[in-house]
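User: I have a model open and I'm new to this. Walk me through it, please.

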Amino acid sequence: MTEYKVIYRADKQSEGAEAIKWEPGCPLEIEAIQVSRDTGTGTAFLQGRLRNISDRIALSFKATVTVEYEDGNTEDVEFNPLDADIAVGASYLLGAKKLNRGDVMNASGKMESVKFADDTCMSSVEP
C-alpha cells in the first residue's frame, strides 16, 4: 500500500509566504494548493481546490501553478479542463498531477482565464 506525506500546503488561512492571494475581480479563487510525496518512491503530486465566487456557472478555466524546488528551479503545471461546469459557490478539485521532482519548497497559483456562457474573464496580472 502506498503512503503519502503532505510536504507543502497553502490555503486561505495560511500566513506569510504561503498565503494564497486572490486577484480582485477574478470569478474563481484558489482555496488550497497541496503537494504530497510518495514515501517509498519520492514521487510528488500537486493538487488543489478552487471555488466559484461569481454569480454565474464557470464553464471552463485555465490555471497555472508554479512550483519552486529547493535549488530555486521552478516548474509550471497547467490545469485546463474544458468542461468544468462549476456552479455558483461550488468548489472544484484540481486532480493530482505528477511533478518532475519531490523537493518542493513553495507553490503559487494564478487563474489565467475563466469562460462563462456569455463571456470570458482574462487575468491582467503576472503570476
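Predicted model: local features only at pLDDT ≥ 70, side-chain atom pairs only at ≥ 80, totals over all residues.

**Rings, strands and contacts**

User: What is the relative accessible area of Tyr4?

Analyst: Tyr4 has a relative accessible area of 48%, so it counts as partly exposed. Buried means under 20%, exposed means over 50%, and partly exposed is in between, with a 1.4 Å probe and protein chains only.

User: Where do Tyr4 and Phe45 lie?

Analyst: Tyr4 is in strand β1 (residues 4–11) and Phe45 is in strand β3 (residues 44–52), so this pair ties together parts that are 41 residues apart in sequence. Strands here are DSSP runs of E with at least two residues, helices are runs of H or I with at least four, and both are numbered from the N terminus. Phe45 is partly exposed, at 22% relative accessibility.

User: And which residues form an edge-to-face pair at 5.3 Å?

Analyst: Phe61 and Tyr92 do, 5.3 Å centre to centre with 85° between the planes. Phe61 belongs to strand β4 (residues 60–69) and Tyr92 to strand β6 (residues 91–98), so the pair ties together parts that are 31 residues apart in sequence.

User: Phe61: buried or exposed?

Analyst: Phe61 is buried, at 1% relative accessibility. Tyr92 is partly exposed, at 21%.

User: Which residue lies over the face of Phe116?

Analyst: Arg56 does, at 3.9 Å from the ring centre. Lys97 lies over the face of Phe79, at 4.8 Å from the ring centre. The test asks for NZ of Lys or CZ of Arg within 6 Å of the ring centre and within 35 degrees of the ring normal.

User: Switching to sheets. In what order do the four strands of the open sheet come?

Analyst: The order is β1-β2-β3-β6, with antiparallel pairing. The edge strands are β1 and β6, each pairing on one side only. From one strand to the next, the twist averages 20°; axes are lines fitted to C-alpha atoms, for helices over the stretch in contact, and angles run from 0 to 180 degrees between N-to-C directions.

User: How many bridges are there between β3 and β6?

Analyst: β3 and β6 pair over six bridges, in the antiparallel sense. Two strands count as paired if DSSP finds at least two bridges between them. Arg49 has Leu93 in β6 as its bridge partner.

User: What about β4 and β7, how many bridges there?

Analyst: β4 pairs with strand β7 (residues 104–115) over ten bridges, again antiparallel. Thr66, in β4, stands opposite Ser108 in β7.

User: What joins the side chains of Thr66 and Asp76?

Analyst: A polar contact of 2.7 Å joins them. That term means a pair of N or O atoms within 3.5 Å; within protein, one must be able to donate a hydrogen and the other to accept it, and residues adjacent in sequence count only if both atoms are side-chain atoms.

User: Val67 is also in β4. Buried or exposed?

Analyst: Val67 is buried, with a relative accessible area of 0%. Beyond four places in sequence, Val67 touches residues including Leu46, Leu99 and Val104; contact means heavy atoms within 4.5 Å. Val67 and Asn106 are 39 residues apart in sequence and 5.9 Å apart in space, C-alpha to C-alpha.

User: How many residues are in the hairpin that joins β7 to β8?

Analyst: The hairpin joins them through four residues. β7 and β8 run antiparallel and are joined by three bridges, and Val114 has Cys121 in β8 as its bridge partner.

User: Where is Thr120?

Analyst: Thr120 is in strand β8 (residues 120–122). Thr120 is partly exposed, at 40% relative accessible area.

Notes
Residues numbered from 1 in each chain as written. Heavy atoms only, no water. Phe/Tyr/Trp six-rings, centres within 6.5 Å; stacked < 30°, edge-to-face > 60°.
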